[in-house]
Amino acid sequence: MAGSSATIVAGLTAAALTTVGFLALRASATAPAGPAEPRAQAATAEAAPGRTRSLALPASSGVGERVVYALDDDRVWLVGPDGRVERTFTVSPGTVDPVPGSYAVTSRSSTATGTDGVPVEHVVRFTDVGDVVVGFSATTDGSMPVPDPETRTGGIREAPADGEAMWRFATIGQRIVVVR
């Protein structure tokens with residue numbers, strides 16, 4: 001009986017690997033040659049009065065594959081293994097910021113309730129600040145609520161499409177670099 005179970009598991013594993021390889025090949029055949037050009041007007045529209053936000057990847061963010069989160073710009077970059085930006089987007093931070101530095105994704109949840117009581121999805125957690133868990137998420141209704149300044153929240157909110165991109169990119173152990 002043990003021999004037949006091992007054979008079944010080996011067969012299922014081989015089938016899964018073949019399927020993943022086929023899907024990867026199909027995805028690479030239809031993927032664009034590079035990331036889309038960011039819209040210059042988006043940077044201006046997102047900036048607070050008197051402040052210009054840069055779409056450029058911060059030079060101090062390291063090398064290699066990583067997620068970069070700029071606290072001052074409320075912006076995230078998903079950086080591939082070759083150092084090219086695969087996606088960048090703005091976020092709405094909670095009331096508790098992580099200290100600049102390098103972290104790793106420690107846990108993920110497809111759905112949860114945020115520290116502010118709002119239902120969220122695509123939760124990617126990477127650190128704690130005291131008793132507050134800090135991570136990226138998108139609200140299930142697509143809203144970007146402004147956090148109550150009296151409540152300690154660590155949810156860094158993303159638009160739903162950005163949350164889905166983060167979910168696919170930032171698996172357990174993925175490096176998260178927080179810069180000022």
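This is a predicted model: local features need pLDDT of at least 70, side-chain atom pairs count only at pLDDT 80 or more; totals for chains, interfaces and linings use all residues.
Trainee: Which strands are the edge strands of the open sheet?

Mentor: Five strands form this open sheet with mixed pairing, and their order is 3-2-1-9-4. From one strand to the next the twist averages 20°. An edge strand here pairs on one side only, and this holds for strand 3 (85–90) and strand 4 (101–104).

Trainee: Which residue is the bridge partner of Val79 in strand 3?

Mentor: Strand 2, residues 75–79, runs antiparallel to strand 3, and five bridges join the two. Within strand 3, the residue that partners Val79 is Val85.

Trainee: Which residue takes a positive phi in the hairpin of strand 5 and strand 6?

Mentor: Strand 5 (residues 107–113) and strand 6 (residues 119–129) run antiparallel and are joined by six bridges, with Val123 in strand 6 as the bridge partner of Ser109. Five residues lie between the strands of this hairpin, and the one with a positive phi, near 85°, is Gly117.

Trainee: Which residue in the turn between strand 6 and strand 7 has a positive phi?

Mentor: Strand 6 pairs with strand 7 (residues 132–139) in the antiparallel sense over seven bridges, and Asp128 stands opposite Val133 in strand 7. Two residues lie between the strands of this hairpin, and the turn residue with a positive phi, about 65°, is Gly130.

Definitions and conventions:
Residues are numbered from 1 along each chain as its sequence is written. Side-chain values use heavy atoms; hydrogens and water are left out. Two strands pair if DSSP finds at least two bridges between them. Helices (H or I, at least four residues) and strands (E, at least two) are DSSP runs, numbered from the N terminus. Axes are lines fitted to C-alpha atoms, for helices over the stretch in contact, and angles run from 0 to 180 degrees between N-to-C directions.
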